[in-house]
Amino acid sequence: MQAMITVVGKDRVGILAKVSQECANANINIVDVAQTVMSGYFTMSMLVNIDEMKMVFDSFRKELETVLPDMRVAVMHEDIFRSMHRI
């Protein structure tokens, strides 16, 4: 099973590092990542594999929100993401 992590907010050093560290802490494998900075704002989408995840899904989301309190963070299962973006 996969999930999508999105992070949006004012750019600063270490955003990708914090998300990657939290993924490692939860034993989540990063499959793909796309990020950009436009006019000082950071936007990232990260596809992750959660098959071997070592914590509850909502706990992981809350942990990301804790380490990035001034960013908009969303974590959703792949099935929900695909349903939301179906044409």
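Is Ile 30 buried, partly exposed or exposed, and what is its relative accessible area? Keep that residue in mind while we set up the view.

You are looking at a predicted model, where local features need pLDDT of at least 70, side-chain atom pairs count only at pLDDT 80 or more, and totals for chains, interfaces and linings use all residues. Residues are numbered from 1 along each chain as its sequence is written, and side-chain values use heavy atoms, with hydrogens and water left out.

**The whole chain.** Start in cartoon view: three helices and four strands, in the order β-α-β-β-α-β-α from the N terminus. Helices (H or I, at least four residues) and strands (E, at least two) are DSSP runs, numbered from the N terminus. Of the 87 residues, 31% are buried; buried means under 20% relative accessible area, exposed over 50%, and partly exposed in between (1.4 Å probe, protein chains only).

**Strand E3.** Now select residues 41–49 and show side chains. Phe 42, Met 44, Met 46 and Val 48 point to one face and are buried.

Strands count as paired if DSSP finds at least two bridges between them. Click Leu 47 in E3: Met 4 has it as bridge partner, and Asp 32 stands opposite it.

**Two positive phi values.** Next, pick Ser 39 in the loop between E2 and E3, a hairpin with two residues between the strands. Its phi is near 50 degrees, and Ser 39 is exposed at 77% relative accessibility. Then move to Asn 27, in the loop between helix H1 (15–25) and E2. Here phi is near 60 degrees, and Asn 27 is partly exposed at 34%. For context, most residues other than glycine have a negative phi.

**Back to Ile 30.** Ile 30 is partly exposed, with a relative accessible area of 32%. Show Leu 16 and Val 33 as well: with Ile 30 they make a nonpolar surface patch of about 190 Å². Such patches take residues with over 30% relative accessible area and no salt bridge, joining nonpolar side chains (Val, Leu, Ile, Met, Phe, Trp, Tyr) within 5 Å and like charges within 9 Å. A salt bridge here is a side-chain nitrogen of Lys or Arg within 4 Å of a carboxyl oxygen of Asp or Glu. Accessible areas come from the Shrake-Rupley method with a 1.4 Å probe, and for residues only the protein chains shown count as cover.
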